[in-house]
Amino acid sequence: SSCSLTRLFIRDTSMGDQGASAIADALETNTSLWSLSLTGSHITALGASSLGRALMENETLSRLSLAHNRISVTGLVALAKGIRESRTIASLNAMSNHIEIPKNSDLWGILVQTSLVELTLRDNSIDDDII
């Protein structure tokens with residue numbers, strides 16, 4: 001029998017990058033999940049990169065929350081590249097993730113090419129001059 005889970009919320013765990021990688025593997029072939037929250041799960045840029053790669057293959061996920069992790073700008077760029085390829089992600093919550101975006105970052109150029117309609121970056125270090 002197939003899994004018809006549509007929403008998965010995993011919050012405040014110590015799953016870390018290894019857990020994020022396992023979820024990323026499952027996302028590559030999942031056809032029912034449309035909302036995933038891994039808030040406060042000790043995920044860094046490495047785990048975010050695994051998720052970004054999975055998003056390139058996934059065709060159903062539309063909401064992703066990685067709030068209160070440590071994905072940094074490196075992880076956010078990897079996610080943005082995956083989102084750009086997926087064309088299904090409409091909402092990304094990356095608040096409070098130790099993200100410092102330098103003025104010369106190519107992140108903004110990638111983000112404008114995505115399907116995102118909602119992006120939350122509150123409580124990160126983003127210079128007002130680059131927004």
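**Figure 1. Charged side chains of the predicted model.** This is a predicted model. The protein chain carries 10 positive and 14 negative side chains. The centres of these two sets lie 3 Å apart. The accessible surface of the chain comes to about 6800 Å². Carbon and sulfur atoms account for 47% of that surface.

**Figure 2. Order of elements in the protein chain.** The chain holds 4 helices and 7 strands. Read from the N terminus, the elements run β-α-β-α-β-α-β-β-α-β-β. The radius of gyration is 14 Å, close to the 14 Å that the globule rule gives for 131 residues, so the chain is as compact as a globular protein of that length. The C-alpha trace spans about 50 × 30 × 20 Å along its principal axes.

Figure 3. Of the 131 residues, 49% are buried. Take the contacts between residues at least 6 apart in sequence: 87% of them join residues at least 24 apart.

**Figure 4. Helix α3, residues 72-86.** This helix has 15 residues. From first C-alpha to last, α3 reaches 21 Å, close to the 21 Å expected at 1.5 Å a residue. R87 follows α3, with a positive phi near 65 degrees.

**Figure 5. The buried residues of α3 and their partners.** Buried here are V73, G75, L76, V77, A78, L79, A80, G82, I83 and S86. These residues pack against two helices, α2 (45-55) and α4 (107-111). They also pack against the strands β3 (63-65), β4 (91-93) and β5 (100-101).

Terms used:
Residues are numbered from 1 along each chain as its sequence is written. This is a predicted model: local features need pLDDT of at least 70, side-chain atom pairs count only at pLDDT 80 or more; totals for chains, interfaces and linings use all residues. Side-chain values use heavy atoms; hydrogens and water are left out. The radius of gyration is taken over C-alpha atoms; the globule rule is 2.2 Å times the number of residues to the power 0.38. Buried means under 20% relative accessible area, exposed over 50%, partly exposed in between (1.4 Å probe, protein chains only). Contact means heavy atoms within 4.5 Å. Accessible areas come from the Shrake-Rupley method with a 1.4 Å probe; for residues, only the protein chains shown count as cover. Lys and Arg count as positive and Asp and Glu as negative; His and the chain ends are not counted. The place of a charge is taken as NZ of Lys, CZ of Arg, CG of Asp or CD of Glu. The expected span of a helix is 1.5 Å times one less than its number of residues.
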